[in-house]
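Welcome, and thanks for taking a look.

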Amino acid sequence: MATLYNQHERTMNNEIKRYKDYSLLAHNTFGMDVRCKCFIEYYSAQQLQLLVPSLSRPFLHIGGGSNLLFSSDYAGTILHSAIKGISRLGEDGEGHVLVKAGAGEIWDDLVAWAVDSGLGGIENLSLIPGEVGASAVQNIGAYGVEAKDVIVCVDVVDLSTGEARQLTNADCHYSYRQSIFKNELKGRYAITHVTYALSATPQLQLDYGNIRAALSGRSDVTVADVRRAIIDIRNAKLPDPSVMGNAGSFFMNPIVDSSTFEAIRGVYPDMPFYVVGDRYKIPAGWMIEKCGWKGKALGRAGVHDKQALVLVNLGGATSEEIMRLCEAVRKDVKKTFGVDIHPEVNII
Ligand code: EPU
């Protein structure tokens with residue numbers, strides 16, 4: 001059923017592809033040259049359902065590899081979805097256009113398609129690396145918008161039974177960079193499609209950070225203008241993984257209670273923060289910078305000089321070097337602020 005290919009063999013057909021002893025270099029933006037025992041790529045939900053009974057453990061489903069750090073070779077099977085396609089399903093009766101995308105679509109291609117179609121809702125999520133399926137696992141977010149704000153439902157295949165089902169947004173238990181797919185149902189389902197509610201009369205979200213400033217002087221701002229501004233802001237701050245290996249924000253921003261928040265603010269009145277219900281989200285990048293780590297390195301692993309939340313591979317770094325830097329940074333943040341910060345990146 002699955003045809004065995006050589007890693008460097010390129011074919012355009014849409015049959016399931018299986019590779020042995022496969023290099024994952026092109027599948028992780030940190031640029032780790034690790035291998036897996038077996039790599040399987042499929043093109044439809046039906047193909048995945050057919051694959052499930054013969055799937056040997058351990059296995060790991062990946063997306064674009066933009067949020068992963070492999071600590072060593074993977075002694076199992078890596079699964080990857082090549083399910084493509086973006087289609088308009090119609091309207092939901094509440095002013096939204098429903099759009100369904102295959103899990104293997106590049107996330108930013110979906111954003112570009114939406115913006116070109118005049119549909120709003122995800123323009124603030126422009127240029128986030130990765131694929132559609134992983135974006136629904138991770139609940140990606142940027143500049144005041146999260147994927148959960150527009151996700152209607154997620155089609156999945158159960159990786160133990162092969163059964164296909166659909167989860168609603170509420171079923172996915174979304175919160176900041178979290179979902180049921182990272183917690184209760186970790187490893188159980190593979191996402192095959194995601195359906196979004198976009199808007200032909202978008203309500204632009206311009207209140208985060210310097211977006212409004214970047215658009216200043218414009219009165220008739222469009223989704224395309226917002227996309228352009230976000231792309232410029234990201235390009236100025238975030239390193240291009242094809243030039244310098246990285247996985248975006250390495251840490252999540254910690255959410256602390258009011259007494260911790262007040263204690264820190266007493267010492268650092270200039271601390272940026274966001275209110276989250278009765279708690280406070282503090283930018284970990286700001287804390288890491290305050291600890292003096294911005295632009296510093298340990299061996300070939302560095303803290304990015306324009307955004308301290310991002311750890312970078314300065315060239316040939318091993319995952320041990322990245323982890324050593326991660327632990328050194330965490331220790332200093334804990335010592336200085338009394339706050340634990342946790343990796344956002346999945347360490348495999
Ligand atoms: N800051 C510093 N020093 C730094 C970095 C940030 O002082 O080195 C301060 C900034 O000046 C600002 C605040 O911290 O006042 C927030 O910074 P920024 O807007 O850059 O956002 P962030 O909280 O550091 C989060 C996301 C990013 C996303 C941005 C913009 C997480 C883990 N990260 O970063 O997402 O692009 O907001 O919305 O929530 C990603 O997930 O990979 C990612 C890049």
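Does Glu146 count as buried or exposed? Glu146 counts as buried, because its relative accessibility is 17% and buried means under 20%. Please keep in mind that this is a predicted model.

**Glu146 and its partners**

- You will find Glu146 in strand 10, which covers residues 145-146.
- The side chain of Glu146 has a polar contact, at 3.4 Å, with the side chain of Asn139.
- Glu146 also forms a salt bridge with Lys148, side chain to side chain, with an N to O distance of 3.5 Å.

**Salt bridges elsewhere**

- As a general idea, side chains of opposite charge can pair when their charged atoms come close.
- How many salt bridges does the structure hold? The count is 14.
- One of them joins the side chains of Asp21 and Arg35, at 2.9 Å from N to O.
- What does this pair tie together? Asp21 belongs to strand 2 and Arg35 to strand 3, so the bridge links parts that are 14 residues apart in sequence.
- Asp21 is partly exposed, at 46% relative accessible area, and Arg35 is partly exposed too, at 31%.
- Another salt bridge brings together the side chains of Asp340 and Lys334, with 3.3 Å from N to O.
- In that pair, Asp340 counts as partly exposed at 42% relative accessibility, and Lys334 counts as partly exposed at 38%.
- Salt bridges with shared partners also connect Glu146, Lys148 and Asp149 into one network.

**Around the ligand**

- Which residues come nearest to the ligand? Of the 24 residues around the ligand, these are Tyr143, Tyr176, Arg177, Glu289 and Ala308.
- Sorted by class, the shell around the ligand contains 12 nonpolar, six polar and six charged residues.
- Four elements each supply at least two residues of this shell: strand 9 (141-142), helix 5 (223-237), strand 14 (245-249) and helix 7 (284-290).
- Helix 7 gives the most, with three residues in the shell.
- The side chain of Tyr176 has an N or O atom 2.7 Å from an oxygen atom of the ligand.
- Asn253 places a polar side-chain atom 2.8 Å from an oxygen atom of the ligand.
- For Glu289, a polar side-chain atom lies 2.6 Å from a nitrogen atom of the ligand.
- How much of the ligand does the protein bury? The ligand taken alone exposes 810 Å², and the protein buries 82% of that.

**Asn28, in a loop between two strands**

- Asn28 has its place in the loop between strand 2 (17-23) and strand 3 (35-42).
- Is Asn28 buried or exposed? Asn28 is buried, with a relative accessible area of 4%.
- A polar atom of the Asn28 side chain lies 2.8 Å from the backbone oxygen of Leu24.
- The Asn28 side chain also reaches the backbone nitrogen of Met32, at 2.8 Å.

- Ala317 sits in the loop between strand 20 (310-313) and helix 8 (319-337).
- With 7% relative accessibility, Ala317 counts as buried.
- Ala317 and Arg300 are 17 residues apart along the chain, and their C-alpha atoms are separated by 4.8 Å.

**A nonpolar patch on the surface**

- Which residues form a nonpolar patch on the surface? They are Tyr208, Tyr274 and Val276, with about 220 Å² of accessible area together.
- Tyr274 belongs to strand 16, made up of residues 274-276.
- Tyr274 counts as partly exposed, because its relative accessibility is 32%.

Notes:
Residues numbered from 1 in each chain as written. Predicted model: local features only at pLDDT ≥ 70, side-chain atom pairs only at ≥ 80, totals over all residues. Heavy atoms only, no water. Patch = residues over 30% accessible without salt bridge, like charges linked within 9 Å, V, L, I, M, F, W, Y side chains within 5 Å. Areas by Shrake-Rupley, 256 points an atom, 1.4 Å probe, with all protein chains shown as cover. Salt bridge = Lys/Arg side-chain N within 4 Å of Asp/Glu carboxyl O. Buried < 20%, exposed > 50% of the residue type's maximum accessible area, 1.4 Å probe, protein only. Near = heavy atom within 4 Å. Polar contact = N/O pair within 3.5 Å; in protein donor to acceptor, adjacent residues only side chain to side chain. Nonpolar A, V, L, I, M, F, W, Y, C, P; charged D, E, K, R; others polar.
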